[in-house]
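Biologist: I would like to learn how to read strand pairing and nonpolar cores from a set of coordinates. Could we work through one case together, with the general idea first and the example after it?

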Amino acid sequence: MRRKLPSFVLVVLVALATAGVAAAANGGFTPVQPQSPNAGRTQDAYYLILGFTSAIFVLVEGLLVVFVWKYRSRGRARAVEGAQVHGHTRLELIWTATPIVILAVITAFVFYKLPGIDSAPAATDPVHVTIEGHQYYWQFDYPNGARSIGTLHVPVGAVVDLRVVSPDVIHSWWIPALGGKIQAIPGRNNHFWFRADAPGSYEGQCAELCGVFHASMRATVVAGPQQQYRHYISTVARETIGKQEWNGVCATCHGNLGQGGYGPAISTSPLLTQPSGLIGILRNGFDTPARPGAMPPVGDTWTNEQISAIVAYVKKHIYKAAPTGATSGG
């Protein structure tokens, strides 16, 4: 029993280490289920390449095992050479030509799929959205002027045309179920598209290392009925923008209640009740000698309406006046 225990512990540790991968799509070996035509075509190319590489892996590893067994020493002295194998012209031509054919097939298939990945299908009324990547959040500008933070709302079945930009550093927009990655580069407009074919919430992540809180730069796309989308951009987005800014921007560093995290605790800071000082930090950021760039200018592209919303929200929901003193009982 004691001899079997280390083996059992090893098996358990391996199972725990691979549990996260196993829980992913198809055991973690393939991308998530595509929900947009461009994502589906990308997955088609992935499966073709996976098929070729898997076959090559099995062939090479199988031949390796066969050759190790066939040409083992069989008691031969270490100083004695085994049987010598000479060249085989036909075999050499085959293993030279086969990779060329495989690469040609992959190239032809990818170029066949590429137009459907790169170009959006014809649509009479596409939804145009501008995505701004900031340290460390995503901002979405809708056709009617509404904005949201962290979560993009779109109608199901509509072609969504994205203009992807950044005012600070390079980011990368990526919602795996809705297509590939597209970079947000300062001073450049990049374009991307998707069409959510089923209602639901689709999670994503900034795919370009953009600073200390890169891992927290997540994004969600919510696809719903046309009526729900119109209600959101006409009413909900404007009514909740202050809360969105706090939860999607400020709380990332300062904690959900302003209790502190990577950034300092600010729930009792009088600055939250001083609009001019708060606006200055949001617009210009904050540096210290010990931590240059400690707070990026997260609100440098915010509208006055957005600034007013966050000022009102933190004053009402986050600020807690510091106690002026404490009494003790005898």
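Biologist: In strand 5, which residue is the bridge partner of Thr130?

Modeller: Before the case itself, note that this is a predicted model, in which local features need pLDDT of at least 70 and side-chain atom pairs count only at pLDDT 80 or more, while totals for chains, interfaces and linings use all residues. Residues are numbered from 1 along each chain as its sequence is written, and side-chain values use heavy atoms, with hydrogens and water left out. In general, strands of a sheet pair through backbone hydrogen bonds, either parallel or antiparallel. Here the partner of Thr130 in strand 5 is Arg163, where strands are DSSP runs of E with at least two residues, helices are runs of H or I with at least four, and both are numbered from the N terminus. Strand 1 and strand 5 run parallel and are joined by six bridges; two strands count as paired if DSSP finds at least two bridges between them.

Biologist: Which residue stands opposite Thr130 in strand 2?

Modeller: That residue is Asp141, and strand 1 pairs with strand 2 in the antiparallel sense over five bridges.

Biologist: What is the order of the strands in the open sheet?

Modeller: The five strands follow the order 3-2-1-5-8, with mixed pairing. Strand 3 (147-149) and strand 8 are the edge strands, each pairing on one side only. Strand 8 is joined to strand 5 by six bridges in an antiparallel arrangement, and Val159 stands opposite Arg195 of strand 8.

Biologist: How many residues of strand 5 are buried?

Modeller: Five of the seven are buried, so that the strand is mostly covered, with buried meaning under 20% relative accessible area for a 1.4 Å probe and protein chains only.

Biologist: Which residues touch the most other members of the largest nonpolar core?

Modeller: A nonpolar core is a set of buried Ala, Val, Leu, Ile, Met, Phe, Trp, Tyr and Cys residues joined through side-chain atoms within 4.5 Å. The largest one has 36 residues, and Val129, Tyr142, Leu152, Leu162 and Trp173 touch the most other members. Strand 1 (127-134), strand 5 (159-165) and helix 4 (226-239) are among the elements that each supply at least two residues of this core, and the largest share, four residues, comes from helix 4. A second, separate core of 20 residues includes Tyr137, Ala251, Leu282 and Ile310.

Methods. Buried < 20%, exposed > 50% of the residue type's maximum accessible area, 1.4 Å probe, protein only.
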